[in-house]
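Please read the sequence and the model below side by side.

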Amino acid sequence: MAGSIVLFGPPGAGKGTQAGKIVEITSKPQVSTGDMLRAAVKLGSPMGLAAKEYMDAGLLVPDEVIIGLIQERLQEDDADQGVLFDGFPRTIPQAESLEKIATVSSVISIEVPDDAIVDRIVGRRMDPETGEIYHVQFKPAPPEIEGRLIQRPDDNEETVRSRLEAYHNQTAPLADWYSDRGLLIRIDGNASIKQVGVSVERAISRIL
Ligand code: ADP
Ligand code: ADP
């Protein structure tokens, strides 16, 4: 299938966790704006430093920065059959810009209530060597790698509240926007990682 897929949902919904399965099935590369921004922060580029202020405060990075990143990324060869967007678009202006440069064939929305989100984000850990995402309670890492796990600086309870507010005010309206275009597939994300994986696979098999 040509065209891109959007993985949509609140912070901590499980987008990154489920992305690997979709990449495996569709062979589309994962394009995570969060990962791209964190790479820019690590490099210490002027864009990265400016973005960090927003990220640490739990606010969305300005649309023009994000759209610039995406325009550049979509010019790479591996993007010519479409990509899997993870964490993008997050505002209606981002979706409108995307419409002009790529075709979105479906949007998979992982739905999780706010009260489950805080626990997921505060307990999230990452393996810096492999990028694998773990959770202290819901997906514990094997003991041999536990010592090297890191926690994102924005994964604390205070920032989560701002991120959820940004999600409800700026991102959630996109669900209706995509639904109006007949592209939205809602799946229940308030279930085990394995069960959500089954729902994701089912959604993908419907669109392939
Ligand atoms: P997102 O990319 O949407 O921000 P992640 O995939 O990073 O979310 O998941 C957030 C945290 O919640 C991670 O620690 C992950 O291990 C955990 N997690 C993901 N899916 C589930 C689930 N279905 N049930 C419980 N915990 C989950
Ligand atoms: P999560 O899914 O846990 O919210 P991400 O890794 O997707 O985390 O994003 C981390 C932060 O990066 C966001 O809180 C926001 O500041 C910024 N960010 C990522 N993607 C976007 C985007 N499409 N638009 C604006 N800001 C973004």
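**Two ligands and their surroundings**

A nitrogen atom of ligand 2 lies 2.9 Å from an N or O atom in the side chain of Q94, which is a polar contact (a pair of N or O atoms within 3.5 Å; within protein, one must be able to donate a hydrogen and the other to accept it, and residues adjacent in sequence count only if both atoms are side-chain atoms). The protein covers 96% of the 550 Å² of accessible area that ligand 2 has on its own; such areas come from the Shrake-Rupley method with a 1.4 Å probe, and for residues only the protein chains shown count as cover. This is a predicted model, in which local features need pLDDT of at least 70, side-chain atom pairs count only at pLDDT 80 or more, and totals for chains, interfaces and linings use all residues. Residues are numbered from 1 along each chain as its sequence is written, chains are lettered from A and ligands numbered from 1 in the order in which they are written, and side-chain values use heavy atoms, with hydrogens and water left out.

Two further contacts of ligand 2 can be found in the model. An oxygen atom of ligand 2 is 2.8 Å from an N or O atom in the side chain of R90. A nitrogen atom of ligand 2 is 3.0 Å from a backbone N or O atom of G87.

Which residues come closest to ligand 2? They are T33, L59, R90, R124 and R163, out of 20 that surround it; a residue is near a molecule if one of its heavy atoms lies within 4 Å of it. By class, this shell has 8 nonpolar, 5 polar and 7 charged residues. Here Ala, Val, Leu, Ile, Met, Phe, Trp, Tyr, Cys and Pro count as nonpolar, Asp, Glu, Lys and Arg as charged, and the others, Gly among them, as polar. Helix α2 (residues 33-43) gives the most to the shell around ligand 2, with 4 residues. Helices (H or I, at least four residues) and strands (E, at least two) are DSSP runs, numbered from the N terminus.

Now turn to ligand 1. Around it are 19 residues, of which G12, T17, R124, Y134 and A191 come nearest. At least two residues of the shell around ligand 1 come from each of α1 (15-26), β6 (133-135) and α10 (193-207). The shell around ligand 1 divides into 9 nonpolar, 7 polar and 3 charged residues.

An oxygen atom of ligand 1 is 3.0 Å from a polar backbone atom of G14. A nitrogen atom of ligand 1 lies 3.4 Å from a polar backbone atom of I193, and a nitrogen atom of ligand 1 is 3.5 Å from an N or O atom in the side chain of R120. Of the 560 Å² of accessible area that ligand 1 has on its own, the protein covers 93%.

**A helix with a buried face**

Helix α8 (residues 157-171) has 15 residues. From its first C-alpha to its last, α8 reaches 20 Å, close to the 21 Å expected at 1.5 Å a residue; the expected span is 1.5 Å times one less than the number of residues. Which residues of α8 are buried? They are T159, V160, R163, L164, A166, Y167 and T171, where buried means under 20% relative accessible area, exposed over 50%, and partly exposed in between (1.4 Å probe, protein chains only). Seen down the axis of α8, these buried residues fall within an arc of 160°, so they line one face of the helix; the arc is that of the directions from the helix axis to the C-beta atoms. On the other side of α8, E158, E165 and N169 are exposed.

**Single residues**

The peptide bond from F88 to P89 is cis, with omega near -10°. P89 sits in the loop between β3 (84-86) and α5 (92-101).

S27 is not a glycine, yet has a positive phi of about 60°. S27 is in the loop between α1 and β2 (30-32) and is exposed, with a relative accessible area of 62%.

V198 lies in helix α10 and is partly exposed, at 41% relative accessible area. V198 and K21 are 177 residues apart in sequence and 9.9 Å apart in space, C-alpha to C-alpha.
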